[in-house]
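Welcome! Please take a moment to look over the sequence and the 3D structure before reading on.

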Amino acid sequence: MGFGTKKWLLIIGVVLVLFFVTGINTIPRLDEGVNASWAQVENQYQRRIDLIPNLVETVKGYANFEKSTLTDVINARANATKATISPDMLNNPEAMKNFEQAQGQLSSALSRLMVVVEKYPDLKANEQFLSLQSQLEGTENRIAVARKDYIETVRGYNTAVRTFPTRIWAWIYGVQPKQTFAAKAGAENAPVVKF
Amino acid sequence: MRRIGALAVILVVVLVESAAAVTPFPLLTGRVVDNAEILSPQTEQTLTQKLSDYEHGTTNQVVVFTTPSLAGQPIADYSNSLFRHWQLGQKDKDNGILLVIAAQDHALRIEVGYGLEGVLTDALAQQIIHTIIVPNFKAGQMEQGVVAGTEAILAVLGGNELPAAKNNKQTGAPWIFVGFIVLWLWISVVIMRAKRATQRLQNSTGDTSNALAEMIEDTAKAAIVLSSQNNGGNYGSRDASGGSDDRFSGGGGNSGGGGASGRW
């Protein structure tokens with residue numbers, strides 16, 4: 001009898017200790033991780049924004065280059081510059097949607113520009129343009145990696161916020177799940193099977 | 001009683017399954033991992049020696065990896081995942097470079113660690129790929145392409161010698177390895193306990209609460225050990241493997257997708 005009670009008390013004790021040992025730092029630590037990976041996402045998007053003026057200047061030099069494509073890029077860049085998210089807004093679906101929209105528009109404007117460039121062999125051979133192109137490619141790749149990392153850290157954070165026992169800590173801290181990216185960048189390039 | 005027994009069995013199955021589901025990354029067998037077998041043993045050896053000497057001088061870790069196929073993955077994703085899995089470059093310096101060549105896919109990539117992005121820029125990586133490696137590959141000179149490309153990478157890195165050639169730096173054995181061992185030990189202990197508990201329940205001789213209590217106790221102990229391991233960031237000394245190059249391993253470096261890709 002006495003032995004059985006002792007066992008149960010031990011179980012409760014262990015569970016309580018576990019709760020405190022594992023819980024108290026989990027949410028803040030994961031939160032910092034999410035903020036850091038978000039900073040990386042914004043860094044890389046910023047890097048892309050910074051490349052565009054040079055790109056536009058280089059392309060502009062070519063006579064009769066399609067004006068509309070360039071204006072699209074310039075406008076999309078202006079919008080993307082305005083759409084930034086501070087870490088404390090990461091649980092705001094509206095802000096995230098705006099950010100995604102602005103950056104997505106810039107992405108498509110840029111890829112249209114790259115398609116148009118195909119028609120200008122001189123430009124394609126321009127050394128400065130080639131250098132900018134490789135930097136842009138590299139930046140797009142870094143964006144993809146940063147987004148992947150962000151999705152990963154947010155998944156960890158949201159799991160902690162939504163599951164026991166860390167859920168209790170989330171309630172104590174009063175934190176909300178954070179927004180993540182809807183689809184993986186490059187998912188649109190996935191092969192489509194047609195019948 | 002029977003339900004608890006079934007629960008324990010499910011637990012065992014889940015644990016075994018999750019332990020088995022490890023992503024199959026190729027092993028980092030050395031500084032030159034020639035899984036596509038495009039290098040002669042002699043070339044592989046001289047290249048390994050060169051890269052080894054280079055790391056001892058600069059702490060930069062350069063690794064060459066060839067694979068027959070990427071199994072449908074984009075080379076940029078693949079290279080980044082592999083770079084991170086191998087943790088090339090020293091921790092806190094992230095000064096690793098990974099040259100990936102996928103023979104059947106006719107794709108290649110120079111993946112650059114965070115710390116070397118400023119020296120081996122995307123544009124330079126692109127240049128190495130397009131002016132040095134790809135022409136060789138197109139001419140069917142695979143081996144020469146790999147060697148010349150690696151030498152070009154070292155040349156670019158050497159042109160801007162990093163002011164960091166410390167020999168006795170505490171880096172090395174990735175903590176993830178230690179974590180895996182602890183995790184594996186913990187899982188096997190839990191499985192053993194669960195098996196024993198299941199047996200006991202099946203024989204209907206044991207006390208359910210005792211068996212469960214033991215399981216919870218063990219889990220708790222293991223969890224505490226595990227968390228202390230992780231928090232400690234247990235880095236082994238690299239000196240053990242520094243002298244001879246038999247047990248080469250990544251130093252804990254990271255990459256954010258810098259570098260360039262190409263095709264031939």
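This is a predicted model: local features need pLDDT of at least 70, side-chain atom pairs count only at pLDDT 80 or more; totals for chains, interfaces and linings use all residues.

Residues are numbered from 1 along each chain as its sequence is written, chains are lettered from A and ligands numbered from 1 in the order in which they are written, and side-chain values use heavy atoms, with hydrogens and water left out.

**The two chains**

Let us begin with the secondary structure, where helices (H or I, at least four residues) and strands (E, at least two) are DSSP runs numbered from the N terminus. Chain A has seven helices and zero strands. Chain B has eight helices and five strands, and read from the N terminus its elements follow the order α-β-α-β-α-β-β-α-α-α-α-α-β.

The table below uses a few terms. Buried means under 20% relative accessible area, exposed over 50%, and partly exposed in between, with a 1.4 Å probe and protein chains only. Accessible areas come from the Shrake-Rupley method with a 1.4 Å probe, and for residues only the protein chains shown count as cover. A contact means heavy atoms within 4.5 Å.

| Chain | Residues | Buried | Accessible surface | Carbon and sulfur part of surface |
|---|---|---|---|---|
| Chain A | 195 residues | 35% | about 11400 Å² | 59% |
| Chain B | 264 residues | 45% | about 13000 Å² | 57% |

Now consider contacts between residues at least 6 apart in sequence. In chain A, 79% of these join residues at least 24 apart; in chain B, the share is 76%.

**The cores**

A nonpolar core is a set of buried Ala, Val, Leu, Ile, Met, Phe, Trp, Tyr and Cys residues joined through side-chain atoms within 4.5 Å. The largest one holds 32 residues, and I97(B), I101(B), I110(B) and L157(B) have the most contacts inside it. Two or more residues come from each of these elements of chain B: α2 (41–58), β2 (61–67), β3 (96–102), β4 (107–112), α4 (122–138) and α5 (142–159). Another core, of 25 residues, lies apart from it and includes V59(A), A102(A), L106(A) and A109(A).

What does I101(B) touch, leaving out residues up to four places away in sequence? Its partners are I38(B), F65(B), T66(B), T67(B), A107(B), L108(B), F137(B), M142(B), V146(B) and W264(B).

V63(B) sits in strand β2 of chain B and is buried, at a relative accessible area of 0%. With residues up to four places away set aside, V63(B) touches several others, among them W86(B), I97(B), L99(B) and F248(B). V63(B) and V32(B) are 31 residues apart in sequence, while their C-alpha atoms are 5.9 Å apart in space.

**Two helix pairs**

For these pairs, axes are lines fitted to C-alpha atoms, for helices over the stretch in contact, and angles run from 0 to 180 degrees between N-to-C directions. Angles under 35 degrees count as roughly parallel, over 145 as roughly antiparallel, 65 to 115 as roughly perpendicular and the rest as oblique.

In chain B, α2(B) and α5(B) pack at about 10° with axes 11 Å apart, so they are roughly parallel to each other. Residues making this contact include L47(B), L51(B) and Y54(B) of α2(B), and V146(B), T150(B) and L157(B) of α5(B).

In chain A, α2(A) meets helix α7 (residues 166–173) at an angle of about 80°, their axes 9 Å apart; this makes α2(A) roughly perpendicular to α7(A). The residues in contact are T26(A), I27(A) and P28(A) on α2(A), with T166(A), W169(A), A170(A) and Y173(A) on α7(A).

**A few single residues**

T58(A) belongs to helix α2 (residues 26–60) of chain A. T58(A) is buried, with a relative accessible area of 9%. A polar atom of the T58(A) side chain lies 2.7 Å from the backbone oxygen of N54(A). Beyond four places away in sequence, T58(A) touches L123(A), N126(A), Q128(A), F129(A) and L132(A).

Most residues other than glycine have a negative phi. E37(B), in the loop between β1 (32–34) and α2 of chain B, has a positive phi near 50°. Is E37(B) buried or exposed? E37(B) is exposed, at 68% relative accessible area. A71(B), in the loop between β2 and α3 (75–86) of chain B, has a positive phi near 55° and is exposed at 72% relative accessibility.

Conventions:
A polar contact is a pair of N or O atoms within 3.5 Å; within protein, one must be able to donate a hydrogen and the other to accept it, and residues adjacent in sequence count only if both atoms are side-chain atoms.
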